[in-house]
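Student: I would like to learn how to read the features of a protein model. Could we go through one together?

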Amino acid sequence: MSRIVEKYAELPKPLRKPLWQWWHRTMNKYDSENAANFMNYGYESLNGDPRLKLVNGDETDRYCIQLYDHVVNRADLKGKKVLEVGSGRGGGASYISRYFKPESYIGMDISESSIAFCNNHYKVDGLSFKHGIAEKLPFEDNTFDFVVNVESARCYSDMQAFFNEVYRVLKDDGKLLIADMIYPKELEEFNARIARSKFRKQRETNISKNVVTALEKDSERREHLIDTKAPKILRKSFKTFAGTLGTSRYNNFADGTFQYWSFELAK
Ligand SMILES: C[S@@+](CC[C@H](N)C(=O)[O-])C[C@H]1O[C@@H](n2cnc3c(N)ncnc32)[C@H](O)[C@@H]1O
């Protein structure tokens, strides 16, 4: 099971959707108190930036929130229409809606159960969640000012279709704000995909060290959550997925086998 989780983004394409459906249903089942509202590896500043001011219990999710903040904080989202593709448990959508005040924020995910959970759990003005797949977005052309995508694109069955679809639903001056893990040997193809879908790259940042530092600081919380919520048989797999210290996922980030990048792409 751990091996499947470790390689979840490289599984044969037909298996990816069912795996995500199972994953979300399992989380809904074991996390009845809704303690896990993020599924990303987090981000920590390395250059002494002032600490992000967080309110209302958001401190618990500081590192996962900081990843979202890193992705969007140069953009002016206030009063804008924003779509997030792969919104997962909705924590990032809630953070951006509450702190950046877009006019509307739609979180979209392939998992019906995570969408039902999010629509029930979050009550924030302008925030809603909708089921859909990244490769065929259920929206009209030229609809959004920004599309946000955090740690999700890597597991799509057709990443080029995703980029083309985001380009289609963005307004003419719209932007895709994206962060994900990438093997160094895949960077060239990733850039080729961006170019093929006609995006202009305005910023690219290797944030691998920020992610490793966040994992180190957040590992104890992640382990505790898994040890208290997940059944014993699934704990090892969940810890690998969560990148806690000592897992192959953490080691791969720490030794550079796997990198983590963020991009700002303009239509
Ligand atoms: C690692 S999780 C990240 C979730 C969230 N962005 C976060 O940072 O907490 C990846 C998410 O992408 C979703 N996903 C996977 N394939 C998808 C697809 N083809 N279309 C839309 N969402 C997809 C999964 O269901 C999952 O919620």
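Tutor: We will take the sheet, then the helix pairs, then the ligand. Keep in mind that this is a predicted model.

Student: How many strands form the sheet, and in what order do they stand?

Tutor: The open sheet is formed by 7 strands. Their order is E3-E2-E1-E4-E5-E7-E6, with mixed pairing.

Student: Which strands stand at the edges?

Tutor: Those are E3 (127-131) and E6 (200-206). Each has a single partner strand, so one side of each is left without a neighbour in the sheet.

Student: How many bridges join E1 to E4?

Tutor: Strand E1 (residues 81-85) and strand E4 (residues 144-150) are joined by 3 bridges, and the two run parallel. As one example of residues facing each other, Glu84 stands opposite Val148 in E4.

Student: Which strands does helix H4 lie across?

Tutor: H4 (residues 91-100) lies across E1, E2 (104-109), E3 and E4. Relative to E2, the helix runs at about 175°.

Student: What describes two packed helices?

Tutor: Two numbers are used: the angle between the axes and the distance between the axes. Let us apply this to H4 and its partner H3 (residues 62-72), whose axes come within 10 Å and cross at roughly 60°. That angle makes H3 oblique to H4. The crossing in which H3 passes H4 is right-handed.

Student: Which residues of H3 and H4 meet?

Tutor: From H3 there are Cys64, Ile65, Tyr68 and Val72; from H4 they meet Gly91, Gly92, Tyr95, Ile96 and Phe100. Sorted by class, this contact of H3 with H4 has 7 nonpolar and 2 polar residues, and no charged ones.

Student: At what angle do H8 and H9 pack?

Tutor: Helix H8 (residues 208-229) packs with helix H9 (residues 232-242) at an angle of about 155°, and their axes are 10 Å apart. H8 and H9 are therefore roughly antiparallel to each other. Their crossing is right-handed.

Student: Which residues make the contact of H8 with H9?

Tutor: H8 supplies Arg222, Glu223, Ile226 and Asp227, while H9 supplies Arg235, Phe238, Lys239 and Ala242. By class, the residues of the contact of H8 with H9 are 3 nonpolar, no polar and 5 charged.

Student: How far apart are the axes of H6 and H7?

Tutor: The axes of helix H6 (residues 159-169) and helix H7 (residues 187-196) are 9 Å apart, and the packing angle is about 35°. H6 passes H7 in a crossing that is right-handed. Met159, Gln160 and Phe163 of H6 make the contact with Arg193, Ile194 and Arg196 of H7. That contact of H6 with H7 has 3 nonpolar, 1 polar and 2 charged residues.

Student: Now the ligand. How many residues surround the ligand?

Tutor: There are 23 residues around the ligand, and the closest are Asn40, Gly86, Gly88, Ala134 and Ser152. The shell divides by class into 10 nonpolar, 9 polar and 4 charged residues.

How values were computed
Residues are numbered from 1 along each chain as its sequence is written. This is a predicted model: local features need pLDDT of at least 70, side-chain atom pairs count only at pLDDT 80 or more; totals for chains, interfaces and linings use all residues. A residue is near a molecule or strand if its C-beta atom, placed from the backbone, lies within 6 Å of it. Ala, Val, Leu, Ile, Met, Phe, Trp, Tyr, Cys and Pro count as nonpolar, Asp, Glu, Lys and Arg as charged, and the others, Gly among them, as polar. Axes are lines fitted to C-alpha atoms, for helices over the stretch in contact, and angles run from 0 to 180 degrees between N-to-C directions. Helices (H or I, at least four residues) and strands (E, at least two) are DSSP runs, numbered from the N terminus. Angles under 35 degrees count as roughly parallel, over 145 as roughly antiparallel, 65 to 115 as roughly perpendicular and the rest as oblique. A crossing is left-handed if the near helix is turned anticlockwise from the far one by less than a right angle, and right-handed if clockwise. Two residues are in contact if their C-beta atoms, placed from the backbone, lie within 7 Å. Two strands pair if DSSP finds at least two bridges between them.
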